[in-house]
Amino acid sequence: MFANLLPLLVIASIASNVLPARAAEACTAFGAASYTITYTAVWANPPSVNGSRYSQLVGMCDSDSSSLFTVGKKVKPRMKMFFENGSQVVFYINATSLETCSPSYPFFLPDIEMANGTTKGYLNATKAFPLVSALAMLAPSPDWFVGVNNVNLCNGSHWLAKVTTNVYPYDAGTDSGKQWTSSDEATVPQDPVTRLYTSADPDHAFRNYSNATWGTVTFKLVGTMSVNGTLDVFPTKAGTTKAGTTSAAPTNAGKGSSQTSVHTHLSVPLVLCLVFVVSAFV
């Protein structure tokens, strides 16, 4: 009997190695998910000027790549005021009364009082808008900012318990100033967003930048909200649901970020193997 079973186990083992990786799934998670968002800020560049600070951290949720900013693409003209002077009026232009995070309903975190500090807030994500972007202007500066874009809080049919991603500085491409207090010098034509690295220009403020991160942004699941508005709160132990199911290992974590899921999954190869085993004994 076991001699007949051996080839089946070999087939199952081969299948586990040749099956293609599962593509990213559309979010089908139930209800809305309530998250805390915490930005732990680190002013990584050498001291700029007295009074260096961040603008208030602002963010939005979306469903595709049309986030607040994308490296290699030009920012929308209406965002120029934010990147150059921290004005948040642009985020109120199309704001609605919805209470879930969306392109029309931004979220704001309390001010960070010092260059190195922490700010924390809340957001409610939905399966329609599971991607989160957040940013803060570096002040004073020509058009420099820090942020994260398109952080996915959903993994298929469930919400991620915790996502942490590194924060880096960027140039919005709207002003050509090289120093923190440079006079306005509009970039014409406008440049796309670029990440700020150590500059070879001896006159640039980032000439001594070590390329270190400017802190981290962490999203932590508080609970899921049903259609009638009832919040199903999760225990404080990370990665454990109310039913006591321990989370799986981090999945689909990109470089510079980590993710923890709130569900476990049985892989297809393992299921096939179990089916073969059961069939052999029937």
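Reply: Relative accessible area, computed with a 1.4 Å probe on protein chains only, sorts residues into buried (under 20%), exposed (over 50%) and partly exposed (in between). The model is predicted: local features need pLDDT of at least 70, side-chain atom pairs count only at pLDDT 80 or more, and totals for chains, interfaces and linings use all residues. Residues are numbered from 1 along each chain as its sequence is written, and side-chain values use heavy atoms, with hydrogens and water left out.

A salt bridge requires a side-chain nitrogen of Lys or Arg within 4 Å of a carboxyl oxygen of Asp or Glu; the structure holds 2 of them. One joins Asp201 to Lys178, with 2.8 Å between the closest N and O atoms. This pair links distant parts of the chain, 23 residues apart: Asp201 belongs to the loop between strand 11 (194-195) and strand 12 (215-225), and Lys178 to the loop between strand 10 and strand 11. Strands here are DSSP runs of E with at least two residues, helices are runs of H or I with at least four, and both are numbered from the N terminus. Asp201 has 22% relative accessibility and therefore counts as partly exposed; Lys178, at 37%, is also classed as partly exposed.

Lys80 and Glu84 form a salt bridge as well, their closest N and O atoms lying 2.6 Å apart. Both residues are in helix 2 (residues 80-85), and because they are 4 residues apart there, about one helical turn separates them. Lys80 is partly exposed, with a relative accessibility of 33%.
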